[in-house]
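Open the structure in a viewer and keep a selection tool at hand. The stops below say what to select and what is there.

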Amino acid sequence: MKTSECDIIVVGVGGQGVILISNIIGKAAMKAGYPARGAETHGMAQRGGSVISHIRLGCEFGPLVPAGGAEILLALEPAEALRYAHYLSEDGIALVNTNPVLPITVTTGQSSYPPLEEILAPLQRICRSVKTLNATKLAAKAGNPQAMNVVMLGVLSRYIPLPEDMLIESLSESIPAKFLEVNRRAFELGKSEIEEA
Amino acid sequence: MKEYLLGNAAIARGILEAGAGVVTGYPGTPASEIVESVVPFAKKYGIHVEWSVNEKVAVEVAIGASWTGTRAVAIMKHVGLNVAADPFMTLAYTGVRAGLVVIASDDPFCHSSQNEQDSRRYAQFASIPCLDPADPQEARDMCNYAFELSEKLELPVLLRPTTRVSHARADVEVGQIEEERSNPEFVKNPARWVMLPVHARPRHTELLKKQDRIRAALSDVPWNRLVLRGDLGIIASGISGLYAEEAIKQLEADISILRIGTFPPPDGLCSEFLEHVSKVMVIEELEPVLEEYVERLARVCNSDLEILGKRSGHIPREGELDSLIVRNAIAEMFDLPEEEVLSLKEAEEILPPRPPALCPGCSHRATYYAMRKAFGKDAIFPSDIGCYTLAVPMGTIDTCLCMGASITVGSGIRFGGEERDICCSIGDSTFLHTGLLGLLNAAYNKARITVAILDNSTTAMTGHQPHPGTGFTVSGEKAKAVSIGTLAKALGADFVETVDPYDIDATIESFKRAREFPGLSVVIARQACVTNARRAGIKRRPFMVNNENCNGCRECVEFGCPAIEFDEDNARINSLCSGCGVCAQICPSNAIEVVE
């Protein structure tokens, strides 16, 4: 029996704004009358490390999405999409920003960063669909590459059972007014980049 | 009214609604945001909020407030309770006047900690009640109730959230913030507040007598819930109860469940449950606290009961649980198939690891670079708890045990007979937390070591909290800024120098002098945390590599700054550069220049 309406995993690198958009989604869920649960990474891992956030819409159990149970994997960085791919259900969808962030193990030459195709191939094998875009470029187009997370939120808006106006309202409440215009543009660019849900 | 709250903010809400007048704590993941979430309300409601110097201090300040008739709370991470264990244990004897709650947030899986000890054991040890919330709503409700319970029993109460409660978010029903404050007055009563042996002995007897009252008080709280169905049963505590409920729904299993939110657990409900079932699985994270209780109770009320749990190997004693682990454990009990987790071989084979690292431009990296140059790789480098522990790949972190242990462990390495150079490193906040006494001990007992105090003027790892060296309180008010250099001298260090680690040559020279010094030497490497500097609007011009001069020697790459990459033959500086300029100083070919 189903225990959550929609389970979402948001992944990325510390500093990319994973927690911010996770909160925007959770607050929007509350506005829409869904019980929501979330779990975040704080502390040590935030220093440029790999970061994962769980969000469960219409759920009143624990905040952790079980492995193999996520309807959506929203990845702000491609390598991180693969690192957490085991959370995806067979019917799930991966939404992936293709712009890599090199980990310290790569910049110092201890490891190499795999080509994008090699990262995406296993993802495509295990879930229903993988949608990719360069959200970092789109954010720059919107006026600030830092708004990449909000571009991805725009993409996500097409796939989750939450009304867009509630996401926007929650976005407006979560960021300083002076950044709102750029972020609204970023949201729209993300939303229109992915045509069909 | 409902709000979408972080568990720690929900706990803060419970504190506010209970009308606490004194809130103390020391930063530590996963507990830090509780104190910070009280701060915005402090002025309006007249609440004294403080970042205490350490957890022992935090508990003692809270005790003083409680004895004066003001509700108080001391907040820390689980290992902080070790530091505070001394007052905590005897506090159970003296008891409290106004409600006193100690909050220790546990960290199963060591997400951001050096161990995964179970604070419920501390409550057992001290013979006081412990509340174990399953989610942010319960955390808020229990926190509010804990003050009442504390007053009713005249005992401190331990609230023990875990990472997945403290750092979970959920829609939480909140209530009114209490505005009434009692009239505070310290009433002299030596038999209560002076723990001479002659007073302590009867207080111990009193504490033991209170145990029945604790059980009676907890017998009908809403967080112990029983649902009787089939004759197989689950008994689960805290968040494990939610995992079990989810698993039962998924499996559509005919199974009885008793969820436990209090320690000691309720004898009546537990007996009723154990008499109903023929086989029970005990599900809890970390230590088998509930399991041992069930084993004891079953001897009295159902001696044939089959008990599954940690002892039987069904539930792990380390790490954290989730609904899948719990689902599979319950499935095994019913002989149902396990759900396997897909393992992607590509993820293991091709992905580069992404460990957390010091930020681009972090001054700790520069300090360690200079330390290594001056001391050589053969020296011994005891270290401590903070961001700087992330410098392990630089070869300058040889030990990390607990807060303040760098100087003391380093002293012991010297006294134990090691003759090579020893250079300890400790952050400013950690030095003020427990490093002070280690330095005093090193001076007094003549430890010939060097101590580097990495002073970035903040408690960075836990989210940039102020401390007595910063000149600001938790509320951002101006405070006395303690001089770490003056302190070090007063504690007995005869060599104390302060350097700017962004000046690499000067820092190396200072470390060399410290190494040669025939006694206890202290080098204070002072430079603002790069994240704080950026937030404060300090802008430095970024640097770039001049390819004509770069010969690809990789000296800068090995420095390990995330802003430095290597393309084919040359180094390259990416957009993360914060302009600290250290790489330009270490480049042997003068190939790194300011972007004009």
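**First stop: a glutamine in chain B**

Select B:Gln465: its side chain makes a polar contact with the side chain of B:Thr462 (2.7 Å). A polar contact is a pair of N or O atoms within 3.5 Å; within protein, one must be able to donate a hydrogen and the other to accept it, and residues adjacent in sequence count only if both atoms are side-chain atoms. This is a predicted model, where local features need pLDDT of at least 70 and side-chain atom pairs count only at pLDDT 80 or more, while totals for chains, interfaces and linings use all residues. Residues are numbered from 1 along each chain as its sequence is written, chains are lettered from A and ligands numbered from 1 in the order written, and side-chain values use heavy atoms, without hydrogens and water.

B:Gln465 is buried, with a relative accessible area of 1% (buried means under 20%, exposed over 50%, partly exposed in between; 1.4 Å probe, protein chains only).

**Second stop: helix 4 of chain A**

Select residues 116–126 of chain A; the buried ones are A:Ile119, A:Leu120, A:Pro122, A:Leu123 and A:Ile126. Helices (H or I, at least four residues) are DSSP runs, numbered from the N terminus. The face turned away from the buried side carries the exposed A:Glu117 and A:Arg125.

**Third stop: between the chains**

Select B:Glu246 and A:Arg56, whose side chains meet in a salt bridge (2.7 Å, N to O). The term means a side-chain nitrogen of Lys or Arg within 4 Å of a carboxyl oxygen of Asp or Glu. Across this interface of chain B and chain A the rule finds six salt bridges.

Technical notes:
Helix = DSSP H or I, 4+ residues; strand = E, 2+ residues; numbered from the N terminus.
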